[in-house]
Amino acid sequence: MSAHTSRRQRLRQATLEEIHAAARTLLVEQGSAAVTINAVARQVGMSGPALYHYYAGHDELVGAVTADFFRELATAMEQARDAHAGAPIGGRMLAVCRAMRAWAVAHPAEFGWIFASPIAPPNRRPDSARHQAALRFEQVLLDLTVELWRTRPFPVPDPAGLPASLREQLSAYSAAIDGQLPPEAAHVFLSCWIRLYGLLCMEVLHQLDFAYTDLEPVFEECLRDLAAALGLDYEAA
């Protein structure tokens, strides 16, 4: 690689980071509708057509910026896990869940863009930046659940008692994660995730403001229930 090529790549990377920062600022300060190609271009001092040298369109830009958010969130969760490396698995799982909520509450616009916005078809592709970053995020809780399943299997439903369509979908998901969890264990894992995700979305989107001004006790109650479902001891923060 020539020095000229290396310098050009560094300049391109610096411009991409500036574009992402501009998109994030617009998102946080004005909302997702403000994040347009032209608005982002104006923020970084270039024309709209010039920005197409970096991204093919709005969907690709959104996917790249969302990937940044996923990586940031995953890093926060990994750091919480690693900070409790010597703790029992239940302590690590609780620490990861609390780190997820802490990031969500501190970054509501970013969390909303990740989890409360439709995913454009280009960003659903397995090779997209968004999809790859989402897999890293998923892996944090999945790895801990797999470790728990292998060392202390948690209660699972009888697969025969599940609707046929659900069994089929769970079998497909189990295969997609290389059989690390059998379908019935995957069902428990996904059910726990749905409950955790749903509560965080309702908090971040202010859907529970009519009743609660502080949702931390509600979140901890949710963690207590999830710990019980996984056969873990709940430990207060």
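**Loops, a helix and salt bridges**

Colleague: Where is His206 found?

Modeller: His206 is in the loop between H9 and helix H10 (216-229). Helices here are DSSP runs of H or I with at least four residues, and strands are E runs of at least two, numbered from the N terminus. Bear in mind that this is a predicted model: local features need pLDDT of at least 70, side-chain atom pairs count only at pLDDT 80 or more, and totals for chains, interfaces and linings use all residues. Residues are numbered from 1 along each chain as its sequence is written, and side-chain values use heavy atoms, with hydrogens and water left out.

Colleague: Why does His206 count as exposed?

Modeller: Exposed means over 50% relative accessible area, buried means under 20%, and partly exposed is in between (1.4 Å probe, protein chains only). His206 comes in at 53%, so exposed it is.

Colleague: What is there to say about the phi of His206?

Modeller: Its value is positive, near 60°, in a residue other than glycine. Most residues other than glycine have a negative phi. Asp178 also has a positive phi, about 60°, and is not a glycine either. Asp178 sits in the loop between helix H8 (164-176) and helix H9 (183-204), and its 69% relative accessibility makes it exposed.

Colleague: How do you know that the span of H10 agrees with what it should be?

Modeller: The expected span is 1.5 Å times one less than the number of residues. For the 14 residues of H10 that should be 20 Å, and the end C-alpha atoms are 20 Å apart, so the two agree. Just after H10, Gly231 takes a positive phi of about 70°.

Colleague: What makes Glu72 and Arg24 a salt bridge?

Modeller: The term needs a side-chain nitrogen of Lys or Arg within 4 Å of a carboxyl oxygen of Asp or Glu. Glu72 and Arg24 meet at 2.9 Å, N to O, so they pass the cut-off. Glu72 lies in helix H4 (residues 58-83) and Arg24 in helix H1 (residues 3-30), so the pair ties together parts that are 48 residues apart in sequence.

Colleague: Which residue is Arg24 in a salt bridge with at 2.7 Å?

Modeller: That's Glu110, with 2.7 Å between the closest N and O atoms. Arg24 is in helix H1 and Glu110 in helix H6 (residues 108-115), so this pair ties together parts 86 residues apart in sequence.
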